[in-house]
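Please have a look at the structure first, then read on.

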Amino acid sequence: MPGGIDPHTHMEMPFMGQESIDDFFSGQGAALAGGTTMHIDFALPVDGDLAAGYQAWEKKAEKSCMDYGFHMAVTKWNDDVAKDMEWLVKEKGINSFKFFMAYKGALMVTDEELIQGFKKCKELGALPQVHAENGDGVVEGQTRMIELGITGPEGHPLSRPPVLEGEATARAIRLAKFVNTPLYVVHVMSIDALDEVSRARHSGQRVIGEPVASGLALDDSKLWDPDFKIAAQYVMSPPIRAAGHSQALQAALSSGVLQLVATDHCPFNSTQKALGKYDFRKIPNGVNGVEERMHIVWDTMVNSGKISVMDYVRVTSTAW
Ligand code: URP
Ligand code: ZN
Ligand code: ZN
């Protein structure tokens with residue numbers, strides 16, 4: 001059995017005023033304990049500067065004890081960003097760039113920026129990736145929840161329902177088609193999003209869909225736990241969905257509509273999560289998984305007869 005490759009992690013990620021609690025050493029230790037021997041982390045620009053972000057991530061990764069690679073996030077658009085993308089591809093071997101369609105006021109890009117980024121990826125032969133949620137819709141959903149007096153962790157999934165993930169997934173897929181570039185949709189969490197990936201793939205468009213371990217194995221019931229500490233552990237975006245979505249994601253992985261399993265490993269400790277005790281919008285978004293992914297995929301997919309051992313190897317390490 002080859003070591004697993006987790007294509008989506010966030011070690012030591014500055015996010016929502018905090019920093020994810022695993023660094024490259026502790027996160028990789030967890031990964032190795034669970035049978036994963038390589039991961040691809042998302043380097044974030046520093047104040048919009050991609051080169052500075054890449055260098056910051058190289059520094060974080062100095063404490064590594066296993067193989068790793070980087071995707072690079074693009075959070076705004078200008079000539080410097082375009083030049084840095086070229087430098088990263090040609091000099092640093094980066095060949096995938098993530099665009100956030102949510103996290104308004106922080107990481108989110110506009111459609112105009114998305115189109116420019118997709119065009120540059122196409123020119124460079126790099127793969128664009130999207131976090132697909134409608135960021136304006138999320139803000140509206142959050143405002144609605146607060147107005148209704150819903151401030152606990154259950155407000156998180158209620159404020160960003162599957163329709164917002166489906167809409168953004170459809171939009172990204174269509175813009176990728178418009179630009180004529182392949183597209184990789186990270187953390188597909190809902191039936192609404194996977195239906196869009198499925199439709200595009202059946203039409204012959206080159207779209208890759210990535211489920212994550214939490215989405216495959218869990219439903220949103222824990223987000224309703226009366227103990228804040230427990231419920232907050234399950235806050236991630238897009239949210240872990242109501243019962244039924246995970247089974248659909250498993251079926252899509254089994255039939256090849258979705259291709260490879262990641263984790264989106266981005267844990268915050270209970271002190272960090274407690275920042276949102278009285279307002280779910282302040283709970284740092286992210287869950288663990290880098291240690292558990294190989295076992296979860298084995299349990300949910302192989303033990304239940306949904307995929308073969310050969311497919312298990314493909315979805316946990318060799319597919320790309
Ligand atoms: O909740 C999440 N997913 N946190 C990490 C950042 C991201 O969107 O991938
Ligand atoms: Zn994301
Ligand atoms: Zn992520």
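The points below go through the ring pairs and the charges over rings.

1. A word on the basis: this is a predicted model, where local features need pLDDT of at least 70, side-chain atom pairs count only at pLDDT 80 or more, and totals for chains, interfaces and linings use all residues. Residues are numbered from 1 along each chain as its sequence is written, and side-chain values use heavy atoms, with hydrogens and water left out.

2. Searching the whole structure gives nine aromatic pairs (rings of Phe, Tyr and Trp, the last by its six-membered ring, with centres within 6.5 Å; planes under 30 degrees apart are stacked, over 60 edge-to-face, the rest tilted). One of them is Phe-24 with Phe-70: the planes meet at 85 degrees and the centres are 6.4 Å apart, so this pair is edge-to-face. It joins distant parts of the chain, 46 residues apart, with Phe-24 in helix α1 (residues 24–33) and Phe-70 in strand β5 (residues 67–74). Helices (H or I, at least four residues) and strands (E, at least two) are DSSP runs, numbered from the N terminus.

3. Phe-24 is buried at 0% relative accessibility, and Phe-70 is buried at 11% (buried is under 20% relative accessible area, exposed over 50%, partly exposed in between, with a 1.4 Å probe and protein chains only).

4. Phe-70 also pairs with Tyr-54, edge-to-face, with centres 5.8 Å apart and planes at 90 degrees. Tyr-54 sits in helix α2 (residues 50–60), 16 residues from Phe-70, and is buried at 6%.

5. Ring pairs connect Phe-24, Tyr-54, Tyr-68, Phe-70 and Trp-87 as a cluster.

6. Do look at two lysines as well: Lys-60 lies over the face of Trp-57, 4.4 Å from the ring centre, and Lys-98 over that of Phe-42, at 4.7 Å. A charge sits over a ring if NZ of Lys or CZ of Arg is within 6 Å of the ring centre and within 35 degrees of the ring normal.

Note on methods
Chains are lettered from A and ligands numbered from 1 in the order in which they are written.
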